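Thank you all for coming; I would like to take a few minutes to walk through one chain with you. Please have the sequence and the model open while I talk.

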Amino acid sequence: MAMNICHRLCCSSGYWAKTVEPQGALAQRLQSKYGDRARIIHGDGADTGLPTADFSSVVCFTMMHHVPTPPVQNQLFAEAFRVLQPGGIFAGSDGVDSIPFRIAHFRDTCNPLDPQLLPDRLARAGFVDVEVEVKHGEQRWRAVKP
C-alpha cells in the first residue's frame, strides 16, 4: 500500500490538508492530533477515491521507497496526476539507493526510486516540467500537471 499526502493552501482560510494513510491505527492517531486542520483518510495513495482535479498540490515525503514495486509506484504517480488541477504541482523527496540506505531498511520494504529514470516515469504519468535534484543521498522532484 502507498501513502499520499495532498495539500491545499487557501489564503483566506489558512492551511488545510487531506492525507491518505494506509495504516488504520496511525490514521486515527493523526486525525485526533490534527482535528479540523486535516482530514486523514485510511486508504491507499495509489487509489485514493478522491475527486478528480480537486487539488492544487500533491506531495510525497520520504515514503516512495516503501511502495513495494515500480508498477505500484507508477499507479501512485498516476493517482497524483488524476487528483491534481491543471497547473497543479506534484513534489516529493526520498532517499537515493546506497548500501547504507539498504542496511537502514533491512527487513523492510525498500524499493528506491532511480533519480535518472524518475523524469521519464513522471512524464509517462502525464507530468511536464519535471525537475529532479540529487544531493547528499537525497532526491527531490517537482512536476506540473499541464
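By a polar contact I mean a pair of N or O atoms within 3.5 Å, where, within protein, one atom must be able to donate a hydrogen and the other to accept it. Please keep in mind throughout that this is a predicted model.

With that term in hand, let me begin at His65, which is found in the loop between β4 and α2, and whose side chain is joined to that of His105 by a polar contact of 2.8 Å. His65 counts as buried because its relative accessibility is 2%, and, leaving aside neighbours within four places in sequence, the residues in contact with His65 include Asp94, Phe101 and Cys110.

Strand β5, residues 84-95, and strand β7, residues 138-144, run antiparallel and are joined by seven bridges. With β4, by contrast, β5 pairs in the parallel sense over six bridges, and the chain gets from β4 to β5 through helix α2, residues 70-83, in a β-α-β crossover that is right-handed.

Even so, beyond its neighbours within four places in sequence, Gly49 is in contact with Glu79 and Arg82, and its C-alpha atom is separated by 9.2 Å from that of Val83, 34 residues apart along the chain.

Note on methods. Residues are numbered from 1 along each chain as its sequence is written. This is a predicted model: local features need pLDDT of at least 70, side-chain atom pairs count only at pLDDT 80 or more; totals for chains, interfaces and linings use all residues. Side-chain values use heavy atoms; hydrogens and water are left out. Contact means heavy atoms within 4.5 Å. Two strands pair if DSSP finds at least two bridges between them. Helices (H or I, at least four residues) and strands (E, at least two) are DSSP runs, numbered from the N terminus. A crossover is right-handed if, with the strands pointing away from the viewer, the path from the first strand over the helix to the second runs clockwise. Buried means under 20% relative accessible area, exposed over 50%, partly exposed in between (1.4 Å probe, protein chains only).
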